[in-house]
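Here are a few notes to read alongside the model.

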Amino acid sequence: MAWTLLISAIPLIVVGPIAGHLADRFNRKALLKRGHIARALITASAILATSSQFRVAGYIVFAALLGITRILYTARATAFPRLVRKHELVAADSTSLIIGVIAGSTGAGIGMALVGHSATAALLIAVLGQSFAAFLFGRISIDLGKGAKNSSRGHVSPIIHQLKKPKTKFAMFATASHRFILGICIASISLLVDSSYGLHTTGYVAVLGFSAAGAFCGSVTAEWVSEHFPRRSITVIAFAASSVITLIACIAATPRIGLLSVAVASFLFQNLRVRSDATIQANVSKSNIGHVFAAYDMLYNLAFIIGAIVGIGLSGLLTFAAVLACVSVSFAAMSIVFAIINDGKQDGETSQS
């Protein structure tokens, strides 16, 4: 599990800064179109991996597709402020995530159904899908951003200034810290499921499945939550409720309750994450939004990976109940921190800002 997590960090560390730079310096419409063309060509080359002589090509193709995916995700996310008004960003982000999960699940189902009969046919369908996506992005008539020609290239001071804004710091710190603690929780419960049922990798996948299900539900409710609660309240509730649910899992100390706690905590995180995404998009300068959003995305994903590795280490030293007790206390402590610290909101400012 630790090796898998460490390897998954490579695309984030390597491609994250590149994605931010590309989103700020180049026409995003062209970037999205050409990115999908590149994905189609790379996917086509994966047909070589269906032969045992070129099996290593499959790993290279997978790594390349992961890297391009990070670039395209950053380009799409930074285009939303040009497509919708500030108070509509949460709805746009949540809708994008919902559609992405449905599309990904559908694609995975098609791939699993076909790969047993013809892996080449499955890859060709993927190539057609990427090509069609490139065609659709090319037909967009709205300006998605063409890069900031008048900004100083190679200078990090404008980016640092954006990162120091109270709203930006609050959003990044909240999302990363919750994701870090959640990573410890997920790793610990994965090991509990494995030791209880002897599922090994399957147990880890099961925990991630419950986490993904909770996150999907969180994407569905994010717009409603954002409309009814201010940003600070969403943050405090996410941490406080996560503390309660992990405390229940600690007391029960059973795999089933542990899996349910992962789903609920992931649901709470997703509501927080979507709200934080919108905060970054709404308050960062359009000339630097790519760099800042890429840094934010990289931060909370790396926080999860580091948290999961810490959780693996703690599970080797402490009992399952002790690890979850630490998780519960950490969530509770952070709920107090975010109830106190400056979130950048001015008096009279609406909760949607």
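Predicted model: local features only at pLDDT ≥ 70, side-chain atom pairs only at ≥ 80, totals over all residues.

1. The buried residues of α12 are F320, V323, L324, V327, S328, F331, M334, S335 and F338. Looking down the axis of α12, these buried positions fall within an arc of 140 degrees, so they line one face of the helix.

2. As for its dimensions, α12 covers residues 320-340, 21 residues in total. From first C-alpha to last it reaches 31 Å, close to the 30 Å expected at 1.5 Å a residue.

3. How do α9 and α12 cross, left-handed or right-handed? The crossing is left-handed. Helix α9 spans residues 231-252, and its axis comes within 8 Å of that of α12, at roughly 165 degrees. With the cut-off for roughly antiparallel at over 145 degrees, α9 and α12 are therefore roughly antiparallel to each other.

4. A second pair to look at is α10 (residues 255-283) and α11 (residues 289-317), which pack at an angle of about 160 degrees with axes 10 Å apart. These two helices are therefore roughly antiparallel to each other as well, and the crossing of α10 and α11 is right-handed.

5. Which residues meet where α10 and α11 pack? From α10 come F269, R273, S276, D277, I280 and Q281; from α11, the partners are I289, V292, F293, Y296 and Y300.

Definitions and conventions
Residues numbered from 1 in each chain as written. Heavy atoms only, no water. Helix = DSSP H or I, 4+ residues; strand = E, 2+ residues; numbered from the N terminus. Expected span 1.5 Å × (residues − 1). Buried < 20%, exposed > 50% of the residue type's maximum accessible area, 1.4 Å probe, protein only. Arc of directions from axis to C-beta. Axes fitted to C-alpha atoms, helices over the stretch in contact; angles between N-to-C directions. Parallel < 35°, antiparallel > 145°, perpendicular 65-115°, else oblique. Left-handed = near helix turned anticlockwise from the far one by under 90°. Contact = heavy atoms within 4.5 Å.
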